[in-house]
Amino acid sequence: MAFPSWFTRFNSKQIYRSLRTTTSSFNNTYSHISQTPSTSSSTSTIEKIISTEGNKQYFSWLSSLLPLALTFSAGLCSLDSRRNISVCDSNVTDGVRYGGKGSTEHVVGGNSKEIPQELIKELESICQDNMTRDYEERYFHGKPQNSFHKALNIPDIVVFPRSEEEVSKIVVSCNNHKVPIIPYGGATSIEGHTLSPNGGVCIDMTLMKNVKSLNIEDMDVVVEPGIGWMELNEYLEPYGLFFPLDPGPGATIGGMCATRCSGSLAVRYGTMRDNVISLKVVLANGDVVKTGNRARKSAAGYDLTRLIIGSEGTLGVITEVTLKLQKIPQHSVVPSSLLVCTIWRVAMCNFPTVKDAADVAIATMLSGIQVSRVELLDEVQVKAINLANGKNLPELPTLMFEFIGTEAYSREQTLIVQKLVSEHNGSDFVFSEEPEAKKELWKIRKEALWALFAMEPDFEAMISDVCVPLSRLAELISLSKKEIDASPLVCTVIAHAGDGNMHALILFDPDKEEQRREAEKLNQLMVYNALEMQGTCTGEHGVGTGKMKYLEKELGIEALQTMKKIKSVLDPNNIMNPGKIIPPHVCF
């Protein structure tokens, strides 16, 4: 056996203990030598002492081995220290970094490197004409449509894969060259998820928008990630089915999985993690992983589906999604195939304060009524809706409900809620069963952000997204509303009141730094209020770059270190959407 191989059987700690003992013995001997009067050269003196002790052969062997042992020990210690070295983001320096604790910066910095020509040729071979280096296109992909977050850099290349195979090849090439990857969907995310702080390759998934299979009897569908939820529901409508999650218009299924979004119907149907059966994902090394089959439940191994949902492209690129579907209420049937007359009813009512409105939302949920939606708008948001849509709604805090059930059940629900409204100072309780009226009402709600811009067309919006246990919602809204009303900025409060999720839309002039800082202060106050109530800094918009700085306060450093370890194993070169979710100060 070769000597180096033999030597590696000993770990550095064993060698250190052995050498420490030997060195101690040698030091004692050397001390004895130094106290002996010198009568000849040092070599002869040493030999004399060793000869006196009868250990000349042993010491000569040790003398020859000691330098070699020290050299190997140092090398092994170095390797051992590498294994245990703290792993942090390479761009972390002294002081507060973007996304770290206490950060107030909104422009994300990074280290952009020139893309290797070899990688460009590889991508051209893979994508053919479906790639671009045009500046305007790169700039568009580097700036989210509805987010005030910015980055110093933009993507160097944008590619438009058409298949899972192409995605895998793109990822492999980028990983080989250690070039960052930024998955891109509908660009409707709020927290800077698609920013490219380090440049790199933006993978636009919008050409992968096919419905691969529809299983009507199983009420599920297999789709590619680039299809939008609104497009999907148009496809499903003739079959009497729909996908129930409804985030902002333009959102794609892949992006919805990546951010673990929900929407106004989550109170009845759950969030994205409840409605995805399985996924296919391309990992950083190009492997394509299937997280499950189409069974509605499974206890087979780790739940990789839920690991990927909400990972924001930091662990892999989603290439296929299997979704649960629901019956459109008008098409509900019983086993005998007898068509049931199902009523889809919406209602609105007004209140003197947002607390009264929130109290009714809580009371409604506690009553056991299976509502589909409970949405709260404050008086400023209603004013914006009137301005943008030419409406004449009472400019008061407003609740909007949706009930689904048989005619008798829907009527019973409506009467119970009407009674709760009257007990909490509510007024103007109206409802409608007309399809067009219902669509118009929810369209207005969905376009609340664009309505708000009608008040200040040249401003940008900072959108808070916090969620608390339902019993604390009224308290959270009251506290937030007090802080908002005291601010000089135009702000509105909107809530998915049935599950404790509150949004504050804060308009500010991007050219005035003091306004941006005031908006950031309001956002931070709402986050801290939510965390004090055992809530979360983001109910449905995700972390991205904007909410990283709050994660340690919410989850603790141990949870973040665990996330970083998972990331480092699946993505050792840190190419998958770097700079998102995990704060830069987290080490392990």
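1. Helix 7 lies across strand 10 (276-282), strand 11 and strand 12, and runs at about 50° to strand 10. Axes here are lines fitted to C-alpha atoms, for helices over the stretch in contact, with angles from 0 to 180 degrees between N-to-C directions, and contact means heavy atoms within 4.5 Å. Helix 8 (residues 229-236) also packs on the sheet, where it touches strand 7, strand 8 and strand 12, and its direction makes about 45° with that of strand 7. Helices (H or I, at least four residues) and strands (E, at least two) are DSSP runs numbered from the N terminus.

2. The model is predicted, so that local features need pLDDT of at least 70 and side-chain atom pairs count only at pLDDT 80 or more, while totals for chains, interfaces and linings use all residues. Residues are numbered from 1 along each chain as its sequence is written, and side-chain values use heavy atoms, with hydrogens and water left out.

3. The sheet itself is open and consists of 5 strands in the order 7-8-12-10-11, with antiparallel pairing; two strands pair if DSSP finds at least two bridges between them. Strand 7 and strand 11 (288-290) stand at the edges with a single partner strand each, so one side of each has no neighbour in the sheet. From one strand to the next, the twist averages 10°. Within this sheet, strand 8 (residues 220-223) and strand 12 (residues 317-324) run antiparallel and are joined by 4 bridges, and V223 stands opposite V321 in strand 12.

4. Strand 7 (residues 211-215) contains N215, which counts as buried because its relative accessibility is 17%; buried means under 20% relative accessible area, exposed over 50%, and partly exposed in between (1.4 Å probe, protein chains only). Apart from neighbours within four places in sequence, N215 is in contact with D220 and R294. The side chains of N215 and D220 make a polar contact at 2.6 Å, a term for a pair of N or O atoms within 3.5 Å in which, within protein, one must be able to donate a hydrogen and the other to accept it, and residues adjacent in sequence count only if both atoms are side-chain atoms.

5. Returning to helix 7, its 14 residues reach 20 Å from the first C-alpha to the last, close to the 20 Å expected at 1.5 Å a residue, where the expected span is 1.5 Å times one less than the number of residues. The buried residues of helix 7 include E166, V167, I170 and V171. Helix 7 is followed by K178, whose phi is positive, near 55°.

6. In helix 5 (residues 117-127), the residues L119, I120, L123, I126 and C127 are buried. They lie on the same side of helix 5 because they cover an arc of only 125° around the axis, the arc being that of the directions from the helix axis to the C-beta atoms. K121 and S125, on the other side of helix 5, are exposed. The cover over the buried residues of helix 5 includes strand 2 (131-132), strand 4 (157-159), helix 7 (164-177) and strand 6 (201-204). Just after helix 5, Q128 takes a positive phi of about 55°.

7. Two further residues deserve a check of their backbone. Most residues other than glycine have a negative phi. A187, which is not a glycine, has a positive phi of about 60°; A187 is placed in the loop between strand 5 (181-184) and strand 6 and is buried, with a relative accessible area of 4%. N577, in the segment after helix 21 (557-570), has a positive phi near 45° and is buried at a relative accessible area of 2%.
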